[in-house]
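Visitor: I am new to this structure and would like a close look at a single part of it. Please take me through that part slowly, and then show me what surrounds it.

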Amino acid sequence: MEFFPPELSAYVEHHSSPESDLLRRIHRETHLHVLKPRMVSGHLQGRFLSMISHMMRPRRILEIGTFTGYSALCLAEGLQPDGRLVTIDINEELTSRVRSYFDDSPYGHQIEMKIGNALDILPNLEETWDLAFIDADKVNYHRYYDLLIDKMRPGGVLLADNVLWSGKVTQNNKTDEDTVAIRDFNQKIQEDPKVENVLAPIRDGLMMIRKC
């Protein structure tokens, strides 16, 4: 997942705005107590998500893939005062931990958690989204996109994480299900005339998609 030398990554983070004490705690406790801690967004990506949210000043944010809540809190930093963020995750075991983090933040009252399969939940959300973030199971990225794109407002931005998939997207001998799914998703976005996109090499790759 790390494409820069450690010293360059450290330099980049040192010259980016600091994460809050709460985010630092979430990052630390995720690595101490939760399986697959590398899934947490972390400092650089978190500040990027926050920057995008601050620039857009969204009223409605959707996140698919809550994990331990780090990215949701970063996205929430730019919410308008009457805004709302909905985050969906299939893992019920982390719910109490994540809810406690949200409640310790200034944005807890603006964040709604939904537990279940996003493919079942998304069709029932009658919202127009300003900003969305996909960071869940890779084989369903294209399905999440299809369910979301028509619910994004014109000019809305959808972000998809892990689109470089540890560099495996460029390795033709990598044909596992997740790698193929990410390659197909990237190509789907590239060919979609309804959007403009840029694949940013931030952390494990972040696809930025703006609905035209």
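Guide: Isoleucine 121 is buried, with a relative accessible area of 16%, where buried means under 20% relative accessible area, exposed means over 50%, and partly exposed is in between (1.4 Å probe, protein chains only). This is a predicted model, in which local features need pLDDT of at least 70 and side-chain atom pairs count only at pLDDT 80 or more, while totals for chains, interfaces and linings use all residues. Residues are numbered from 1 along each chain as its sequence is written, and side-chain values use heavy atoms, with hydrogens and water left out.

Isoleucine 121 belongs to helix H6, residues 118-121; helices (H or I, at least four residues) and strands (E, at least two) are DSSP runs, numbered from the N terminus. Leaving aside residues up to four places away in sequence, isoleucine 121 touches Ile88, Lys114, Ile115 and Gly116, a contact being heavy atoms within 4.5 Å. One of these, isoleucine 88, is 33 residues away along the chain, and its C-alpha atom is separated from that of isoleucine 121 by 8.2 Å.

A salt bridge here is a side-chain nitrogen of Lys or Arg within 4 Å of a carboxyl oxygen of Asp or Glu. Within this group, glutamate 127 and arginine 60 form a salt bridge whose closest N and O atoms are 3.1 Å apart. That pair links distant parts of the chain, 67 residues apart, with glutamate 127 in the loop between H6 and strand E4 (129-134) and arginine 60 in strand E1. Arginine 60 counts as buried, at 17% relative accessibility.

Because aspartate 82 lies in the loop between H4 and E2, and arginine 59 in the loop between helix H3 (43-56) and strand E1 (60-64), the pair ties together parts that are 23 residues apart in sequence. Both ends count as partly exposed, aspartate 82 at 46% relative accessibility and arginine 59 at 34%.

Helix H5 (residues 95-103) has buried residues too, namely Val98, Tyr101 and Phe102. The buried residues of H5 pack against helix H2 (21-33), helix H4 (70-76), strand E2 (84-89) and strand E3 (111-115).
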